[in-house]
Amino acid sequence: MHTNHFARKLFLAAPLCLFAVGCGGDPMMDETLAGEAPTGEAVTETAAPAAPDDAALATAEQGVNLGGTYWWGTSNNGLTSTAIGTSTGRTCFLTGVQGNLKGTSWAGAGVFQYAGNWQIFVNHTNSKALGTGVQCLDTATNRTPEMAWYDGQAAKLLGAVTASRRCFLTQVEAAGGFTANSDYARVWNDGYNWYLGGSLGGSGGARAICVDVPTAQGGWLWIAGNPGTFTHNLDYNPGGVACLLSGIGGNFNTSDFNDGVSIDYNSGTRYWEMTVSNSKRGWSNCVK
């Protein structure tokens with residue numbers, strides 16, 4: 001553990017009035033949709049939720065066969081991280097980013113591998129709140145090397161599409177990017193290959209990894225109005241379902257652990273849920 005003060009918050013918000021649009025198929029929404037979908041609406045690709053300020057690390061199991069659910073956040077400057085378990089036979093992905101990515105130098109949040117373990121981290125120099133959520137899966141089958149994409153680069157090839165390959169974000173980074181509603185980074189496939197890319201108005205980017213998981217359960221894009229926060233369902237979990245971030249976008253310039261994009265499991269309804277705030281958007285895909 002590398003910091004003295006951490007805060008943990010849960011997203012709890014009343015839903016807004018929304019409209020769902022079924023898109024079908026794999027998540028390959030084009031740049032026009034990503035940049036111009038009306039705020040306060042949700043696009044789904046298939047038919048179809050307060051904790052102590054000094055909690056250094058929150059972990060929770062959701063009653064499904066996963067490898068751990070984690071949250072980490074601080075307003076302290078610098079890199080703060082902690083180990084969340086082995087990287088052997090286990091892969092961890094991003095499920096949330098909340099708070100402020102804006103500053104005079106690079107800021108970032110997510111998860112990385114170090115010395116045989118996964119490390120959850122936030123890094124910034126702006127003395128603002130920044131938090132991240134991570135979900136681990138108990139598999140490393142055909143795991144690909146982590147790839148990084150930065151604004152101004154061509155989309156990065158993550159690997160060929162296979163029957164079981166699924167790709168998700170592991171980190172987001174910014175030094176001027178993620179400060180406009182139109183900014184985003186995401187993974188997608190075109191039926192042949194998986195890619196990582198996006199569009200940012202300033203410096204920034206994202207990282208992603210792929211791993212084999214047998215079944216794709218569908219994908220969703222949720223977009224918040226501004227101002228506004230809502231929580232809406234992703235996939236129902238009869239057992240063994242996980243929902244992870246495949247993309248994230250918006251203006252992350254508020255020092256607030258409740259302002260961002262977050263995927264959480266609601267054990268009362270057995271649904272995975274996404275919460276988005278203030279024109280931010282999140283792409284999620286669920287797997288089993």
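Is K280 buried or exposed? At 1% relative accessibility, K280 counts as buried, where buried means under 20% relative accessible area, exposed means over 50%, and partly exposed is in between (1.4 Å probe, protein chains only). You'll find K280 in the loop between strand 20 (271-277) and strand 21 (281-287). Leaving out residues up to four places away in sequence, K280 touches W222, I223, A224, G249, G250, N251, F252, D259, G260 and V261; contact here means heavy atoms within 4.5 Å.

Before going further, a word on what you're looking at. This is a predicted model, in which local features need pLDDT of at least 70 and side-chain atom pairs count only at pLDDT 80 or more, while totals for chains, interfaces and linings use all residues. Residues are numbered from 1 along each chain as its sequence is written, and side-chain values use heavy atoms, with hydrogens and water left out. As for pLDDT, it's the predictor's confidence in each residue, from 0 to 100. The chain has a mean pLDDT of 83, and 77% of its residues reach 70 or more. Residues 1-64 are a stretch to treat separately: pLDDT stays under 50 there, and the model has 165 contacts beyond four places in sequence for them.

Now for the overall picture. The chain has 288 residues, and 53% of them count as buried. It exposes about 11100 Å², with carbon and sulfur atoms supplying 50% of that; these areas come from the Shrake-Rupley method with a 1.4 Å probe, and for residues only the protein chains shown count as cover. The secondary structure comes to 1 helix and 21 strands. Helices (H or I, at least four residues) and strands (E, at least two) are DSSP runs, numbered from the N terminus.

On one flank, strand 15 (residues 203-212) pairs with strand 10 in the antiparallel sense over 4 bridges. There, M147 has A208 as its bridge partner, and A148 has R207. Strand 15 is also joined to strand 12 (residues 165-175) by 10 bridges, again antiparallel, with E173 bridging to G205. Since 8 of the 10 residues of strand 15 are buried, it is largely enclosed by the rest of the structure.

What about the nonpolar interior? A nonpolar core is a set of buried Ala, Val, Leu, Ile, Met, Phe, Trp, Tyr and Cys residues joined through side-chain atoms within 4.5 Å. The largest one has 58 residues, and I84, L101, L169, V172, F178, L234 and I248 touch the most other members. Take I248: leaving aside its neighbours within four places in sequence, I248 is in contact with V97, L169, V172, F178, D183, Y184, A185, V261, R281 and W283. Another buried residue is L196, with a relative accessible area of 0%. L196 sits in strand 14 (residues 193-199), and its C-alpha atom is separated by 7.9 Å from that of A206, 10 residues apart along the chain.

S127, between strand 8 (117-124) and strand 9 (130-137), has a positive phi of about 60° although it is not a glycine. N142, in the loop between strand 9 and strand 10, also has a positive phi, near 55°. Both residues are partly exposed: S127 has 47% relative accessibility, and N142 has a relative accessible area of 49%. A cis peptide bond, with omega about 0°, joins N226 and P227, and P227 lies in the loop between strand 16 (216-223) and strand 17 (229-236). Finally, G152 lies in the loop between strand 10 and strand 11 (156-160) and counts as exposed at 76% relative accessibility. G152 and G202 are 50 residues apart in sequence and 9.2 Å apart in space, C-alpha to C-alpha.

Terms used
Pairing = 2+ DSSP bridges.
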